[in-house]
Amino acid sequence: MIFIKNKNTDVYFNLAMEEYFFEKFKKDEVFMLWINEPSVVIGKHQNLIEELNMKYCFENNIKIARRLSGGGTVVHDFGNLNYTYITNTTGDTALDFKEFLKPMYNALLNLNIDAHISPRNDFRVLEKKICGHSQFMRKKRVLHHGCILFDSNLDNLRNALNVENKKIISKSAKSVKSSVANLKEISKLDYEISDFLEKLKTEILKTQENFEIYELTKEDILKIDKIKSEKYATKDWIYGQSPKCTFILDEEKDYTVEIEGGRIEKINIGYDNKFESLIGLYFEYEEIKNKIDELNIKDDYAQKFIEI
């Protein structure tokens, strides 16, 4: 096993790093533990517009990102510990998801954390979700990752995912809401997330007969930064991968906004379309707010456009 030593907290760098090492080490098992700055990470096939409160994220400096794997939306911060396990499988595409949960699950049990695996393949303590998982597979190479709520800001989590004021029509993959808790509190742990990281690292590595601690080289960092700048940090990846959808401005009048490729394609708002110059913009809080401020439109529909 190769354990990747990484202290970078840039969400776009760390997502790019997963993909980089997925390709770099073709035959080895790879294990990583990493922490992100405050950020919301959506699944590859999700509609960003439906999943999160963009205004809240912008106003609270929470970055928005899209990962390589499917699954639901998660909120990261400095109290959240992420792990990545990369390996090969001899099976077919019908993977036994629980097989990939075992290393981390056993590590938690060895730390006297009374966790169990739910039918939805997440980790729970006292029926509260403390860790969700997702996977990506190419050929017979598997990337499995999870995010453990250790001492996270749960108010930020709830507010960032609060989309009650929006009505969207789409066929995207939806997140399943769960009751969550911080592991530190629910398991009454008397140590910090940095200690937790080291404890998990020790537990995982002591199950290996042979392992290597790998530090990123200058070449690794340059190549990861390239993947980051060309993919994970781009609006085309973050917003443009969202499936086609319709944003409802006024249900009674049938006023709608058609969005495709993450951009506003058409605005149906009667004959006097004062929002026409929004067409072509990414359906993204800052772009829309700046344009509406420039147009100096202050009606209820303008407010709906920026309450996203």
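Start by selecting R124 and D122: a polar contact of 2.8 Å joins their side chains. A polar contact is a pair of N or O atoms within 3.5 Å; within protein, one must be able to donate a hydrogen and the other to accept it, and residues adjacent in sequence count only if both atoms are side-chain atoms.

This is a predicted model, where local features need pLDDT of at least 70, side-chain atom pairs count only at pLDDT 80 or more, and totals for chains, interfaces and linings use all residues. Residues are numbered from 1 along each chain as its sequence is written, and side-chain values use heavy atoms, with hydrogens and water left out.

**Stop 1: around R124**

Stay on R124. It lies in strand β8 (residues 123-125). Helices (H or I, at least four residues) and strands (E, at least two) are DSSP runs, numbered from the N terminus. Is R124 buried or exposed? R124 is buried, at 12% relative accessible area. Buried means under 20%, exposed over 50%, and partly exposed in between (1.4 Å probe, protein chains only). Now show what touches R124. Leaving aside neighbours within four places in sequence, its contacts include D114, H116 and S178. Contact means heavy atoms within 4.5 Å.

**Stop 2: N110**

Select N110 next, in helix α4 (residues 97-110). N110 is partly exposed, with a relative accessible area of 47%.

**Stop 3: salt bridges**

A salt bridge is a side-chain nitrogen of Lys or Arg within 4 Å of a carboxyl oxygen of Asp or Glu. By this rule the count comes to 20.

- Select K24 and D220. Their closest N and O atoms are 3.7 Å apart. K24 lies in helix α1 (residues 11-24) and D220 in helix α8 (residues 218-232), so the pair ties together parts 196 residues apart in sequence. K24 is partly exposed at 37% relative accessible area, while D220 is buried at 1%.
- Select K63 and E37. This salt bridge has its closest N and O atoms 3.2 Å apart. K63 is in strand β4 (residues 63-66), and E37 sits in the loop between β2 (30-34) and β3 (39-42). K63 is partly exposed at 32%; E37 is buried at 17%.
- Select E192 and K184. Here the closest N and O atoms are 3.0 Å apart. E192 is partly exposed, at 42% relative accessibility.
- Select E23, K26 and R138 together. They are linked in a network of salt bridges.

**Stop 4: two domains**

Colour domain 1 (2-238) and domain 2 (245-307) separately. These bounds come from an automatic or database domain assignment. The domain centres, taken over C-alpha atoms, are 33 Å apart.

How much area is buried between domain 1 and domain 2? About 1400 Å², of which carbon and sulfur atoms give 64%. Buried area is the accessible area (1.4 Å probe) that two parts lose on being put together, summed over both. In domain 1, select K55, K167 and K235: they lose the most area to domain 2, together 40% of what that side buries.

Finish at the interface, where the rule finds four salt bridges. Select E287 and K235: their closest N and O atoms are 2.9 Å apart in a salt bridge.
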